[in-house]
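Please consider the sequence and the model shown below. The explanation that accompanies them treats helix packing and aromatic rings in turn.

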Amino acid sequence: MQTISNQLSGQAKPLAWITGGATGIGLASAIALGQAGFRVVVSGRRQAELQSAQQQLHERSIEAYAIPLDVADPAAVESVASTILHEYGCPKALVCSAGTNVPNRYWAQLDATAFAKVTQINLNGVAFCISAILPGMRTQGGGSIVVVSSWAGWRYLTFTGAAYGASKQGLAPLVESLNDQEGVHGIRASLVCPGEVATPILRTRPKPPPQEDMDRMLKPEDVGDAIRYVITAPPHVCLNEIVIAPTYNRIYTGAPDLKRPG
(Lines give C-alpha, C1' and ligand atoms only; values in the text may rest on other atoms or scores of the structure.)
Protein backbone atom coordinates (compact mmCIF):
# COMPACT_ATOMS: atom_id res chain seq x y z
CA MET A 1 0.00 0.00 0.00
CA GLN A 2 2.87 2.39 0.71
CA THR A 3 4.35 1.91 -2.76
CA ILE A 4 0.99 2.24 -4.52
CA SER A 5 0.12 5.44 -2.67
CA ASN A 6 3.51 6.94 -3.50
CA GLN A 7 2.98 6.23 -7.19
CA LEU A 8 -0.24 8.25 -7.40
CA SER A 9 0.58 11.03 -9.83
CA GLY A 10 0.82 14.46 -8.24
CA GLN A 11 -0.19 13.22 -4.81
CA ALA A 12 3.01 11.96 -3.25
CA LYS A 13 4.74 14.29 -0.85
CA PRO A 14 8.41 15.04 -1.53
CA LEU A 15 10.83 12.57 0.02
CA ALA A 16 13.81 13.26 2.27
CA TRP A 17 16.47 10.71 3.19
CA ILE A 18 18.30 11.40 6.45
CA THR A 19 21.36 9.38 7.44
CA GLY A 20 22.19 9.39 11.12
CA GLY A 21 18.46 9.97 11.38
CA ALA A 22 17.75 7.99 14.55
CA THR A 23 19.06 10.54 17.05
CA GLY A 24 20.34 14.06 17.52
CA ILE A 25 20.53 16.46 14.58
CA GLY A 26 19.42 13.77 12.14
CA LEU A 27 16.19 13.02 13.99
CA ALA A 28 15.53 16.72 14.56
CA SER A 29 15.93 17.29 10.82
CA ALA A 30 13.54 14.44 10.06
CA ILE A 31 10.94 15.96 12.39
CA ALA A 32 11.38 19.46 10.93
CA LEU A 33 11.13 18.22 7.35
CA GLY A 34 8.20 15.96 8.15
CA GLN A 35 6.34 18.89 9.66
CA ALA A 36 7.16 20.86 6.50
CA GLY A 37 5.34 18.27 4.38
CA PHE A 38 8.04 15.73 3.50
CA ARG A 39 7.91 11.98 3.73
CA VAL A 40 11.10 10.89 5.44
CA VAL A 41 13.39 7.88 5.38
CA VAL A 42 15.68 7.69 8.40
CA SER A 43 18.77 5.48 8.35
CA GLY A 44 21.23 4.55 11.05
CA ARG A 45 23.26 1.68 12.43
CA ARG A 46 21.20 0.80 15.52
CA GLN A 47 17.87 -0.91 14.91
CA ALA A 48 16.36 -0.09 18.31
CA GLU A 49 17.07 3.62 17.96
CA LEU A 50 15.68 3.59 14.41
CA GLN A 51 12.45 2.02 15.58
CA SER A 52 12.18 4.61 18.35
CA ALA A 53 12.78 7.42 15.84
CA GLN A 54 10.14 6.06 13.48
CA GLN A 55 7.65 5.88 16.35
CA GLN A 56 8.39 9.49 17.33
CA LEU A 57 7.83 10.57 13.75
CA HIS A 58 4.58 8.63 13.46
CA GLU A 59 3.36 10.19 16.71
CA ARG A 60 3.71 13.55 14.95
CA SER A 61 1.67 12.23 11.98
CA ILE A 62 4.77 12.18 9.77
CA GLU A 63 4.98 9.54 7.03
CA ALA A 64 8.26 7.88 7.92
CA TYR A 65 10.25 4.78 7.05
CA ALA A 66 13.28 3.36 8.87
CA ILE A 67 16.04 1.50 7.02
CA PRO A 68 19.17 0.30 8.87
CA LEU A 69 22.44 1.41 7.30
CA ASP A 70 26.12 1.74 8.06
CA VAL A 71 27.22 4.56 5.75
CA ALA A 72 30.82 3.32 5.99
CA ASP A 73 29.83 0.33 3.82
CA PRO A 74 29.57 1.48 0.18
CA ALA A 75 27.76 -1.67 -0.95
CA ALA A 76 25.17 -1.23 1.80
CA VAL A 77 24.69 2.42 0.81
CA GLU A 78 24.04 1.43 -2.81
CA SER A 79 21.58 -1.24 -1.69
CA VAL A 80 19.63 1.10 0.58
CA ALA A 81 19.58 3.88 -2.02
CA SER A 82 18.23 1.39 -4.57
CA THR A 83 15.53 0.27 -2.14
CA ILE A 84 14.49 3.87 -1.50
CA LEU A 85 14.32 4.67 -5.20
CA HIS A 86 12.21 1.63 -6.01
CA GLU A 87 9.93 1.69 -2.98
CA TYR A 88 9.42 5.38 -2.29
CA GLY A 89 10.83 7.35 -5.23
CA CYS A 90 13.84 9.60 -5.64
CA PRO A 91 14.53 11.88 -2.68
CA LYS A 92 14.17 15.60 -3.23
CA ALA A 93 16.46 16.05 -0.23
CA LEU A 94 19.39 14.17 1.27
CA VAL A 95 20.63 15.07 4.74
CA CYS A 96 23.99 13.50 5.61
CA SER A 97 24.04 13.62 9.40
CA ALA A 98 25.78 10.36 10.31
CA GLY A 99 28.98 11.05 12.20
CA THR A 100 31.29 9.75 14.89
CA ASN A 101 34.38 10.46 16.92
CA VAL A 102 36.70 8.50 19.19
CA PRO A 103 38.01 9.18 22.71
CA ASN A 104 41.69 8.82 21.67
CA ARG A 105 41.88 12.09 19.76
CA TYR A 106 45.44 13.31 20.17
CA TRP A 107 48.41 11.92 18.27
CA ALA A 108 49.98 10.48 21.42
CA GLN A 109 47.06 8.01 21.64
CA LEU A 110 45.50 8.05 18.16
CA ASP A 111 46.13 4.98 16.01
CA ALA A 112 45.44 4.20 12.38
CA THR A 113 42.40 2.06 13.12
CA ALA A 114 40.65 4.83 15.04
CA PHE A 115 41.56 7.41 12.40
CA ALA A 116 40.16 5.22 9.63
CA LYS A 117 36.93 4.57 11.54
CA VAL A 118 36.22 8.29 11.87
CA THR A 119 37.08 9.24 8.30
CA GLN A 120 35.21 6.27 6.82
CA ILE A 121 31.96 7.45 8.42
CA ASN A 122 32.39 11.24 8.49
CA LEU A 123 33.87 11.74 5.04
CA ASN A 124 33.66 8.61 2.90
CA GLY A 125 30.16 7.81 4.12
CA VAL A 126 28.93 11.21 2.95
CA ALA A 127 30.49 10.68 -0.47
CA PHE A 128 28.95 7.20 -0.74
CA CYS A 129 25.44 8.51 -0.06
CA ILE A 130 25.76 11.46 -2.41
CA SER A 131 27.14 9.30 -5.19
CA ALA A 132 24.24 6.88 -4.81
CA ILE A 133 21.54 9.53 -5.01
CA LEU A 134 22.92 12.02 -7.56
CA PRO A 135 21.82 10.18 -10.73
CA GLY A 136 18.20 10.18 -9.59
CA MET A 137 18.33 13.86 -8.64
CA ARG A 138 19.72 14.72 -12.07
CA THR A 139 16.94 12.76 -13.74
CA GLN A 140 14.22 14.49 -11.74
CA GLY A 141 15.77 17.89 -12.44
CA GLY A 142 16.94 18.94 -9.02
CA GLY A 143 17.33 18.30 -5.34
CA SER A 144 18.87 19.55 -2.12
CA ILE A 145 21.84 18.00 -0.31
CA VAL A 146 22.71 19.04 3.22
CA VAL A 147 25.98 17.89 4.75
CA VAL A 148 26.22 18.26 8.51
CA SER A 149 29.77 19.22 9.32
CA SER A 150 30.93 20.99 12.48
CA TRP A 151 32.57 24.14 13.76
CA ALA A 152 35.65 21.94 13.45
CA GLY A 153 34.93 21.75 9.72
CA TRP A 154 34.92 25.55 9.53
CA ARG A 155 37.82 26.39 11.84
CA TYR A 156 40.53 24.23 13.39
CA LEU A 157 39.73 23.06 16.92
CA THR A 158 42.17 21.19 19.14
CA PHE A 159 39.68 19.33 21.32
CA THR A 160 37.81 17.58 18.49
CA GLY A 161 40.93 15.65 17.52
CA ALA A 162 42.94 15.04 14.38
CA ALA A 163 40.68 12.44 12.75
CA TYR A 164 37.43 14.32 13.35
CA GLY A 165 38.89 17.64 12.25
CA ALA A 166 40.44 16.21 9.11
CA SER A 167 37.23 14.40 8.12
CA LYS A 168 35.04 17.45 8.71
CA GLN A 169 37.44 19.86 6.98
CA GLY A 170 37.27 17.58 3.94
CA LEU A 171 33.54 18.13 3.60
CA ALA A 172 33.88 21.78 2.56
CA PRO A 173 35.43 21.14 -0.88
CA LEU A 174 33.09 18.17 -1.32
CA VAL A 175 30.06 20.44 -0.93
CA GLU A 176 31.56 23.19 -3.06
CA SER A 177 32.27 20.70 -5.84
CA LEU A 178 28.58 19.76 -5.86
CA ASN A 179 27.50 23.37 -6.31
CA ASP A 180 30.19 23.85 -8.95
CA GLN A 181 29.30 20.77 -10.99
CA GLU A 182 25.66 20.00 -10.21
CA GLY A 183 24.06 23.41 -9.85
CA VAL A 184 23.44 23.39 -13.61
CA HIS A 185 21.23 20.33 -13.00
CA GLY A 186 19.17 22.10 -10.35
CA ILE A 187 21.00 20.40 -7.47
CA ARG A 188 22.15 22.55 -4.59
CA ALA A 189 24.29 21.64 -1.59
CA SER A 190 24.80 23.22 1.80
CA LEU A 191 27.50 22.72 4.42
CA VAL A 192 26.06 23.15 7.91
CA CYS A 193 28.67 23.81 10.60
CA PRO A 194 27.18 23.75 14.11
CA GLY A 195 29.03 24.76 17.21
CA GLU A 196 28.44 22.72 20.34
CA VAL A 197 25.12 20.88 20.24
CA ALA A 198 23.77 18.98 23.25
CA THR A 199 23.78 15.50 21.69
CA PRO A 200 25.04 12.12 22.97
CA ILE A 201 28.25 12.37 20.92
CA LEU A 202 29.56 14.91 23.45
CA ARG A 203 29.75 12.08 25.98
CA THR A 204 32.48 10.47 23.87
CA ARG A 205 34.87 13.35 24.54
CA PRO A 206 37.85 12.54 26.75
CA LYS A 207 36.39 15.12 29.18
CA PRO A 208 32.62 15.41 28.69
CA PRO A 209 31.19 18.89 29.35
CA PRO A 210 29.29 19.51 32.58
CA GLN A 211 25.50 19.43 32.40
CA GLU A 212 25.15 23.13 33.17
CA ASP A 213 27.20 23.91 30.07
CA MET A 214 25.22 21.48 27.93
CA ASP A 215 22.04 23.25 29.00
CA ARG A 216 23.30 26.42 27.28
CA MET A 217 24.36 24.73 24.05
CA LEU A 218 22.40 24.47 20.83
CA LYS A 219 19.60 21.93 20.82
CA PRO A 220 19.30 19.44 17.94
CA GLU A 221 16.04 21.09 16.88
CA ASP A 222 17.86 24.43 16.44
CA VAL A 223 20.00 22.84 13.74
CA GLY A 224 17.07 20.85 12.37
CA ASP A 225 15.13 24.07 11.83
CA ALA A 226 18.07 25.58 9.95
CA ILE A 227 18.27 22.50 7.75
CA ARG A 228 14.55 22.68 7.06
CA TYR A 229 14.99 26.27 5.87
CA VAL A 230 17.88 25.31 3.60
CA ILE A 231 15.81 22.58 1.94
CA THR A 232 12.52 24.49 1.68
CA ALA A 233 14.06 27.73 0.37
CA PRO A 234 13.03 28.60 -3.21
CA PRO A 235 14.78 26.40 -5.81
CA HIS A 236 16.87 29.30 -7.12
CA VAL A 237 18.37 29.88 -3.65
CA CYS A 238 21.46 27.98 -2.50
CA LEU A 239 22.76 28.51 1.02
CA ASN A 240 26.28 27.27 0.42
CA GLU A 241 27.40 27.32 4.05
CA ILE A 242 25.75 27.91 7.40
CA VAL A 243 27.64 28.37 10.67
CA ILE A 244 25.36 28.16 13.71
CA ALA A 245 26.47 28.38 17.34
CA PRO A 246 25.07 28.96 20.81
CA THR A 247 25.04 32.55 22.01
CA TYR A 248 27.12 31.46 25.00
CA ASN A 249 29.88 30.00 22.90
CA ARG A 250 32.42 28.01 24.91
CA ILE A 251 34.70 27.86 21.89
CA TYR A 252 35.16 31.61 22.43
CA THR A 253 34.85 31.83 26.22
CA GLY A 254 36.88 28.70 26.96
CA ALA A 255 36.20 25.82 29.31
CA PRO A 256 38.48 23.41 31.21
CA ASP A 257 37.24 20.37 29.26
CA LEU A 258 38.19 22.01 25.94
CA LYS A 259 41.85 22.45 26.83
CA ARG A 260 44.52 20.16 25.42
CA PRO A 261 45.76 17.75 28.12
CA GLY A 262 49.26 18.11 29.42
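The structure is a predicted model. A first point of interest is the packing of helix 5, residues 112–140, against helix 7, residues 171–182: the two axes come within 11 Å and cross at roughly 15°. Because angles under 35 degrees count as roughly parallel, helix 5 is described as roughly parallel to helix 7. The crossing of these two helices is right-handed. On the side of helix 5, the contact is made by N122, L123, V126, A127, I130, L134 and R138, and these meet L171, L174, L178 and E182 of helix 7. Sorted by class, the contact between helix 5 and helix 7 comprises 8 nonpolar residues, 1 polar residue and 2 charged residues.

A further contact joins helix 2, residues 24–35, to helix 3, residues 47–59. Here the axes come within 10 Å, and the crossing angle is roughly 25°. Helix 2 contributes L27, A30 and I31 to the contact, while helix 3 contributes A53, Q56 and L57. The contact of helix 2 with helix 3 contains 5 nonpolar residues and 1 polar residue, and no charged residue.

The aromatic residues form the next topic. A pair of aromatic rings is described by the distance of the centres and the angle of the planes. Across the whole structure, a search finds 4 aromatic pairs. One of them is formed by W107 and F115, whose rings are stacked, with 6.2 Å from centre to centre and 20° between the planes.

Another pair brings together W151 and W154. The ring centres of W151 and W154 are 4.9 Å apart and the planes stand at 85°, so this pair is edge-to-face. W151 has a relative accessible area of 6% and is therefore buried, while W154, at 26% relative accessibility, counts as partly exposed. Which residues make up the aromatic cluster that includes W151? W151 and W154 form one aromatic cluster together with Y252.

Technical notes
Residues are numbered from 1 along each chain as its sequence is written. This is a predicted model: local features need pLDDT of at least 70, side-chain atom pairs count only at pLDDT 80 or more; totals for chains, interfaces and linings use all residues. Side-chain values use heavy atoms; hydrogens and water are left out. Axes are lines fitted to C-alpha atoms, for helices over the stretch in contact, and angles run from 0 to 180 degrees between N-to-C directions. Helices (H or I, at least four residues) and strands (E, at least two) are DSSP runs, numbered from the N terminus. Angles under 35 degrees count as roughly parallel, over 145 as roughly antiparallel, 65 to 115 as roughly perpendicular and the rest as oblique. A crossing is left-handed if the near helix is turned anticlockwise from the far one by less than a right angle, and right-handed if clockwise. Contact means heavy atoms within 4.5 Å. Ala, Val, Leu, Ile, Met, Phe, Trp, Tyr, Cys and Pro count as nonpolar, Asp, Glu, Lys and Arg as charged, and the others, Gly among them, as polar. Rings of Phe, Tyr and Trp (its six-membered ring) pair if their centres lie within 6.5 Å; planes under 30 degrees apart count as stacked, over 60 as edge-to-face and the rest as tilted. Buried means under 20% relative accessible area, exposed over 50%, partly exposed in between (1.4 Å probe, protein chains only).
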